Amino acid sequence: MKVFLAGAFGHLGQDVLRSLTQAGHEVTAADMAVRSLEFDGFTPLQIDMTDRERLKGCCENMDVVITAVGLTKASQSVTPYDVDYQANKNLLEEAKRAGVKHFAFVSVLKAAKGRQIPLLGAKAKFEEDLRSFGIPYTVFRPTGYFYDTAHIFQPKVAAGKVTLLKTKAPIRCNIIDTRDFADYIVAHMCDENCEYDVGGREIYTYEEIAKMFFAAAGKEPVISFAPPFLFDMIIAFSPKWKRGVIQFGKWTMTEDMVASVQTGTHSFADFIKEIYAKGLSF
């Protein structure tokens with residue numbers, strides 16, 4: 001099939017691109033910045049999805065559009081509603097105009113429940129539009145990714161202390177390796193009008209994750225617990241453009257993120273050990 005992949009050169013996007021090419025699909029790999037990868041078999045396209053005019057014609061003759069477009073960090077120039085919502089809406093409109101047969105969207109687990117947070121609300125709003133737009137669709141909602149969690153915990157362990165938020169019950173998650181998630185997306189990208197909550201096969205509490213990082217680093221665990229309202233104080237005194245990311249951080253540390261679909265072959269416990277065995281940094 002001919003597949004238009006938006007957000008193709010992000011961390012997840014590269015793994016989706018690899019899975020698509022390995023499966024023999026003809027892929028146009030689109031993103032704001034393109035780069036050389038260790039594999040080929042795709043056509044790169046540098047394009048800004050927030051620019052509706054630039055999108056004209058990009059979906060011609062495509063069978064499927066997959067979009068992993070979304071903000072991954074705080075920005076002073078654009079908001080989640082500019083990117084996670086409007087950029088994807090621009091692409092959806094162009095896909096419909098071009099007669100694309102199917103549209104697949106990467107959202108976030110429980111986006112609708114946390115819609116008061118811009119990073120989640122923008123995705124939830126796009127999900128709503130997609131359901132009513134008239135193109136057969138698939139929505140994928142991941143719990144979180146190995147590398148994102150390593151990016152949070154590894155620096156804290158290096159500093160000697162991990163601070164978690166105090167909750168009534170331990171918060172659990174079954175985050176997934178992007179390679180496994182990419183394979184799942186490609187296998188199910190044409191499932192008509194389906195919505196999948198997707199995570200890995202291992203379920204851990206955040207305290208268990210912290211202890212695994214300390215053990216892999218060869219350190220005694222030092223873990224403290226802070227009341228969630230401290231995040232609200234940080235948010236109140238942060239620049240407005242940073243607040244959404246902090247709100248999202250509080251959300252993920254106080255909300256169970258365990259998906260009904262549990263898939264993949266990669267172990268998060270093994271991933272943590274590999275980080276320190278290979279001297280990797282996040």
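Predicted model: local features only at pLDDT ≥ 70, side-chain atom pairs only at ≥ 80, totals over all residues.
Local features were considered only at pLDDT of at least 70 and side-chain atom pairs only at pLDDT 80 or more, whereas totals for chains, interfaces and linings use all residues. Residues are numbered from 1 along each chain as its sequence is written, and side-chain values use heavy atoms, with hydrogens and water left out.

Helices (DSSP runs of H or I, at least four residues) and strands (runs of E, at least two) are numbered from the N terminus. Helix α3 (residues 118–131) and helix α8 (residues 240–254) have axes that come within 8 Å and cross at roughly 85°, the axes being lines fitted to C-alpha atoms over the stretch in contact and the angles running from 0 to 180 degrees between N-to-C directions. The two helices α3 and α8 are therefore roughly perpendicular to each other, a class that covers angles of 65 to 115 degrees. Pro118, Leu119 and Leu120 of α3 meet Gly244, Val245, Gln247, Phe248 and Trp251 of α8, where contact means heavy atoms within 4.5 Å. By class, this contact of α3 with α8 comprises 6 nonpolar, 2 polar and no charged residues, with Gly counted among the polar ones.

In helix α5 (residues 178–188), the buried residues include Thr178, Asp180, Phe181, Ala182, Tyr184, Ile185 and Val186; buried denotes under 20% relative accessible area, exposed over 50%, and partly exposed the range in between, for a 1.4 Å probe and protein chains only. The N-terminal end of α5 is capped by Asp177, a side-chain oxygen of which lies 2.8 Å from the backbone nitrogen of Arg179.

Across the whole structure, 22 salt bridges were found, each defined as a side-chain nitrogen of Lys or Arg within 4 Å of a carboxyl oxygen of Asp or Glu. One of them joins Lys113 and Glu255 at 2.8 Å, N to O, and this pair links distant parts of the chain, 142 residues apart, with Lys113 in the loop between β5 (102–106) and α3 and Glu255 in the loop between α8 and β12 (261–262). Lys113 is exposed at a relative accessible area of 54%, whereas Glu255 is buried at 12%. A salt bridge between Lys56 and Glu53 (3.0 Å, N to O) joins two exposed side chains, with relative accessibility of 54% for Lys56 and 52% for Glu53.

Within helix α6 (residues 206–217), Lys211 and Glu207 form a salt bridge at 3.7 Å, N to O; the two residues are separated by about one helical turn because they lie 4 residues apart in this helix. Lys211 is partly exposed at 43%, as is Glu207 at 32%. Salt bridges with shared partners also join Glu127, Arg131, Arg141, Glu195 and Asp197 into one network.

Conventions:
Parallel < 35°, antiparallel > 145°, perpendicular 65-115°, else oblique. Polar contact = N/O pair within 3.5 Å; in protein donor to acceptor, adjacent residues only side chain to side chain.
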